[in-house]
Each structure stands twice: as structure tokens, then as C-alpha cells.
Amino acid sequence: MENKYCEDDIITCYRSDLNQLMRADAFLDMAQQIAVKGAEHLNFGRDRMLEFGCAWVLARMQVKFEKKVYFDEKIRMSTWHKGINGLYFIRDYRLETPAGTAVNSTSSWIVMNLESRKICRDDEIMRIVPADSQCDDVAIEANAPRIVFPRGVVPEEIGSHCVKYSDLDYNGHVNNVKYTAWVLDSLPQDLVCGHFLREVSINFNKEARRGDTVTLLHTEADGSHIVEGRCGEHQMFIEKLSFDPEPLA
């Protein structure tokens, strides 16, 4: 389709885990980069947003890993703008291998004013993405969900992370992919290393900046793991992960 942006690639060694499978955070890295390229392709990329003193910021994302993707496997990544829902700009993704679709994903983005660090609601900004840039394909039907802890749950602290140089991106805050890497490092390693991660959903609620210490709080609910990152009284992010119950062969 005309408004899709696609790139061919392979699963490199630095995108693979100890099982020679594509890591979840590696997919998120690739999705982030192709989102940048996809927006540039349709003339509403980073440079265009900087003309208004603004930047694209990821607010929510959902990823469904339909099948395993292995080290050195050839892939095609595609992305497209799916439309606007309130203040959210919806972008979908698909990763395909020669055997078919391996990953489907959807994301919700907001526009942030770089001076105030708040959501930009200016009508001119909301019109910067023309209707004819939209693609009608659907990777995941519903938009990325809002995540909350179940009522009455007292979560367990499973770690903390002090934000340093390697966590930051060009917007001056923690890069969205880093949160998932922190979570996967903090969950029980027998789970993370021994079971296929089937689905990830994440909400990004407040910027973490250099020097912040983010505490990770965890609970299990309905067979999934929910991890919240807090800095003081503020929820920085909350993430839900679902693993296959059977261990990897």
C-alpha cells in the first residue's frame, strides 16, 4: 500500500537472546526506528515537528509475538499511520519472515512541546498529519490498552534503576525501549530465559530523566506479569507481559 513504509533486515547477533531468538526489546528498537522513518516518508517526521518546537512521544504500545523469530533470519518490517483517536496518533507495525507474519503491533503517540514538556493540543499540530496519509491495513484491531494493577493488590518490589547516559535518547528522557529491558532483567530469569514471550503492552505515563531512580513493582494477574515503574509519587510506566506457560524446548 502506498502509505506503508517497509525495510528489509535480518535478526543480528545483538538482537538475539541466549536461545537464538529475537529479543522483545530488539523488536521495540526496530519499531521505534521504522516509526521515525515512516513519519519522515510522509513529511511529518522529527524535523517537521521541530519547526513547531515539538516532538513525537510514544504513549502506549502493544506487541503480539505470533511466532518465534530466530538469529540471522531475514525479516521485513512495515509500518503505517492508521489514523487519529482524540490526542493519539495511531501507528501499526508488522514483522514478516519468509514463513509469514511473526509480529503484529500497534502504538499510540502524542505530540510533546519540548519547552513545557506537556502534550501539545494546538490545532495546527493536530492537522499536520493529513487524512490522505492514512493506511487502512490493521495489525491489531483495537488501540493499545490502558494498563492498571488489579484492585486490592500490594505489588512486590523487584528492583530499581538509576537513569544514566545509556538510557537516554535525543528527547532528553529515558528511551521507551529501556523500560522493557529493565523489566526483563528484573523478572525471574528462569521465566524470561526459559519461556517464549507472547505479548507485551506498555503505557508511558511520565518522563524519566537523568539521575532519576525508578523503582520496579510487580504482581501477577490472570497468568500475566504486571510491572510498574515509579519515581517518588509518580508512575513513570506500567507494563504487562504474557509468557507461554510451557517452557521452550
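Author: Happy to! One term to begin with: a cavity is a set of grid points where a 1.4 Å probe fits but cannot get out. Please keep in mind that this is a predicted model.

Reader: Good to know. How much space lies in the largest cavity?

Author: The largest cavity holds about 40 Å³ of space. By this rule the count comes to one cavity of 30 Å³ or more.

Reader: Which residues line the largest cavity?

Author: Its lining is made of L28, A31, Q32, A35, L58, M61, Y93, W109 and N176. Helix α1 gives the most, with four residues.

Reader: And what about pockets? How much space lies in the largest pocket?

Author: About 970 Å³ lies in the largest pocket. There are 47 residues lining this pocket, and the closest to its centre are W56, V57, L58, A59 and W109. At least two lining residues come from each of α1, β2, β4, β5, α4, β7 and β10.

Reader: Let's switch to the fold. In what order do the strands of the sheet run?

Author: The open sheet has 10 strands, in the order β1-β3-β4-β5-β2-β7-β10-β9-β8-β6, and the pairing is antiparallel. At the edges stand β1 (5–10) and β6 (156–162); each has a single partner strand, so one side of each is left without a neighbour in the sheet. On average, neighbouring strands are turned by 25° against each other, direction ignored.

Reader: Where does α1 pack?

Author: Helix α1, residues 24–41, packs on the sheet and touches β1, β2 (54–65), β3 (74–85), β4 (88–97), β5 (100–113) and β7 (197–204). The direction of α1 makes about 120° with that of β4.

Reader: Which strands does α4 lie across?

Author: Helix α4, residues 176–186, lies across β2, β6, β7, β8 (213–221), β9 and β10, and runs at about 60° to β10.

Reader: Is α4 mostly covered or exposed?

Author: Mostly covered: eight of the 11 residues of α4 are buried. Those buried residues are N176, V177, Y179, T180, A181, W182, V183 and L184. N176 also turns up in the lining of the largest cavity.

Reader: Nice link. How many bridges pair β9 and β10?

Author: Seven bridges, in the antiparallel sense, pair β9 (residues 224–231) with β10 (residues 234–243). G229 stands opposite F237 in β10.

Reader: Now the core, please. How many residues has the largest nonpolar core?

Author: The largest nonpolar core has 60 residues, and those with the most contacts inside it are M22, F27, W56, M61, F65 and L95. The largest share of this core, nine residues, comes from α1. There is also a second, separate core of five residues, which include F149, A221, I226 and I238.

Reader: I keep clicking on M61. What is M61 in contact with?

Author: Leaving aside neighbours within four places in sequence, M61 is in contact with F27, L28, A31, Y93, S105, T106, S107, A144, V200, S201 and I202. M61 is one of the residues lining the largest cavity, too.

Reader: Last one: T219. Buried or exposed?

Author: T219 sits in strand β8. The relative accessible area of T219 is 10%, under the 20% cut-off, so T219 counts as buried. Beyond neighbours within four places in sequence, T219 is in contact with F149, P150, V153, S224, H225 and I226.

Definitions and conventions
Residues are numbered from 1 along each chain as its sequence is written. This is a predicted model: local features need pLDDT of at least 70, side-chain atom pairs count only at pLDDT 80 or more; totals for chains, interfaces and linings use all residues. Side-chain values use heavy atoms; hydrogens and water are left out. Two strands pair if DSSP finds at least two bridges between them. Axes are lines fitted to C-alpha atoms, for helices over the stretch in contact, and angles run from 0 to 180 degrees between N-to-C directions. Contact means heavy atoms within 4.5 Å. A nonpolar core is a set of buried Ala, Val, Leu, Ile, Met, Phe, Trp, Tyr and Cys residues joined through side-chain atoms within 4.5 Å. Buried means under 20% relative accessible area, exposed over 50%, partly exposed in between (1.4 Å probe, protein chains only). On a 1 Å grid over the protein atoms alone, a cavity is a set of points where a 1.4 Å probe fits but cannot get out, and a pocket is an open set with protein on both sides within 12 Å along at least five of seven lines; lining residues have an atom within 4 Å of a point. Grid points are joined across faces, edges and corners, and a volume is the space filled by probe spheres set on the points.
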